[in-house]
Amino acid sequence: MSTPRYDPISRSLHWLTALAATAAFLLGPEGFGRLMHEGTDPATRWDIVWHESLGLLVLGLTLLRLLWVALRPGKPHFDMPLWMRLLSRAVHGLLWLLLLALPLTALLALGSEGHPLTLLGGVRLNQFPGIAGSALGELTDWGELHGSLGDALIALAGAHALAALYHHFGRRDGVLAAMLPWRLRR
Ligand code: HEM
Ligand code: HEM
C-alpha cells in the first residue's frame with residue numbers, strides 16, 4: 001500500500017527551499033563588515049553574490065509556498081498525540097517566520113549600513129530608500145541579528161529533519177514518506 005503524500009507543488013517547493021536555504025547558509029559571508037570597511041565591492045565576491053541571490057530565492061519560494069498553502073486542496077493527516085501535533089505546528093510556524101525574517105533583516109542590514117545589494121547577472125541596488133537613517137534602520141545591528149537568525153534556522157531545520165527521521169524509523173508512520181520526492185512502498 002502506498003502512503004498519502006503532499007501534492008507535487010508542496011513537495012517541490014519544500015525541497016527547493018531546503019536546498020537554497022542550506023546553500024545560502026554555507027555561503028554566509030563571514031567578515032562582511034570588515035570587507036566593506038576595507039572598500040571591497042561586494043559584486044566582486046562570488047560568495048556574497050550567491051548568498052544574496054540564494055537568500056532572495058528563498059524569499060520568493062516562501063511567498064509562493066504560503067500562497068500555495070492557502071490555495072492547496074489539503075495535506076495528508078497522520079494520527080499522533082496532541083503534544084506532538086502542537087510541537088510540530090510550533091516548529092513549522094517558527095520555520096515559516098525565520099524564512100521570512102532572514103531576507104527582511106538582510107535588507108535592513110544593507111540599507112541601514114549603506115551597502116549595495118549585489119545579485120547574480122550583475123543586478124545591483126545601491127540604495128534602499130527609507131531605511132538609511134530611519135528609526136527602524138537604527139533600531140538594532142540588523143547584520144548581527146540576521147547572522148544569528150541564519151544559525152537559528154539551520155539549527156531548527158536540523159531538529160525538524162531529525163523529527164522526520166524519528167517519524168520514519170521510530171514511529172513508522174508515513175510523515176517523512178509524505179514529503180519525500182520519490183514514492184516509498186510500505
Ligand atoms: C535563507 C536565507 C539566508 C540565510 C540562511 C542566511 C544566513 C546568513 C548567515 C549565517 C550569516 C552570517 C555569516 C557569518 O558571519 O559567518 C549571514 C550574513 C549576511 N547575509 Fe545572509 N542569509 C540568508 C539570506 C540573505 C539575503 C536574502 C541577503 C541579501 C539580501 C543576505 C545578506 C547577508 C549579508 C549582507 C550578510 C553579512 C551581514 C553582516 O555581517 O553585516 N542574506 N547570512
Ligand atoms: C532548511 C531546511 C528545511 C526547511 C526550512 C523546512 C521547512 C518546512 C516547513 C515550513 C514545513 C511545513 C510545510 C507545509 O505544510 O507544506 C515542512 C514540512 C516537512 N518537512 Fe521540512 N524543512 C527543511 C528540511 C527538511 C528535511 C531535511 C527533512 C527530512 C529529513 C524535512 C522533512 C519534512 C517533512 C516530513 C514535512 C511534513 C511534516 C508534517 O506533515 O507534519 N524537512 N518543512
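This is a predicted model: local features need pLDDT of at least 70, side-chain atom pairs count only at pLDDT 80 or more; totals for chains, interfaces and linings use all residues.
Where does M179 lie? M179 lies in helix α7, which covers residues 175-179.

Residues are numbered from 1 along each chain as its sequence is written, chains are lettered from A and ligands numbered from 1 in the order in which they are written, and side-chain values use heavy atoms, with hydrogens and water left out.

## The overall picture

The protein has seven helices and two strands. Here helices (H or I, at least four residues) and strands (E, at least two) are DSSP runs, numbered from the N terminus. Followed along the sequence, they give the pattern α-α-α-α-β-β-α-α-α. The C-alpha trace spans about 60 × 35 × 30 Å along its principal axes.

Of the 186 residues in the protein, 37% are buried. Buried means under 20% relative accessible area, exposed means over 50%, and partly exposed is in between (1.4 Å probe, protein chains only). The accessible surface of the protein is about 11200 Å², with 68% of it belonging to carbon and sulfur atoms. Such areas come from the Shrake-Rupley method with a 1.4 Å probe, and for residues only the protein chains shown count as cover.

Contact means heavy atoms within 4.5 Å. Among contacts between residues at least 6 apart in sequence, 74% join residues at least 24 apart. As for charge, there are 15 positive and 13 negative side chains, and the centres of the two sets lie 21 Å apart. Lys and Arg count as positive and Asp and Glu as negative, while His and the chain ends are not counted; the place of a charge is taken as NZ of Lys, CZ of Arg, CG of Asp or CD of Glu.

Donors are N, O and S atoms within 2.8 Å of the metal (3.2 Å for Na, K and Ca), and water is not among the atoms, so sites may look incomplete.

The iron atom of ligand 1 is coordinated by NE2 of H51 and NE2 of H146, at 2.0 Å. H51 sits in helix α3 (residues 46-71) and H146 in helix α6 (residues 142-171), so this pair ties together parts that are 95 residues apart in sequence. Both H51 and H146 are buried.

The iron atom of ligand 2 is held by H14 (NE2) and H160 (NE2), at 2.0 Å. This pair links distant parts of the chain, with H14 in helix α1 (residues 8-26) and H160 in helix α6, 146 residues apart. H14 is buried, at a relative accessible area of 14%, whereas H160 is partly exposed, at 25%.

## Back to M179, and some other residues

M179 is in contact with Y6, S10, R11, H14 and W15, leaving aside its neighbours within four places in sequence. H14 in this list is also one of the residues that coordinate the iron atom of ligand 2. M179 and D7 are 172 residues apart in sequence, yet their C-alpha atoms are 8.6 Å apart in space.

T118 is found in strand β1 (residues 117-118). Not counting residues up to four places away in sequence, T118 touches P42, A43, I48, V49, E52, V123 and R124.

F78 is in the loop between α3 and α4 (82-113). Its contacts beyond four places in sequence include P4, R85 and G174.

R172 belongs to the loop between α6 and α7. This residue has a positive phi of about 55 degrees although it is not a glycine. Most residues other than glycine have a negative phi.

| Residue | Relative accessible area | Class |
|---|---|---|
| T118 | 1% | buried |
| F78 | 13% | buried |
| M179 | 15% | buried |
| R172 | 62% | exposed |
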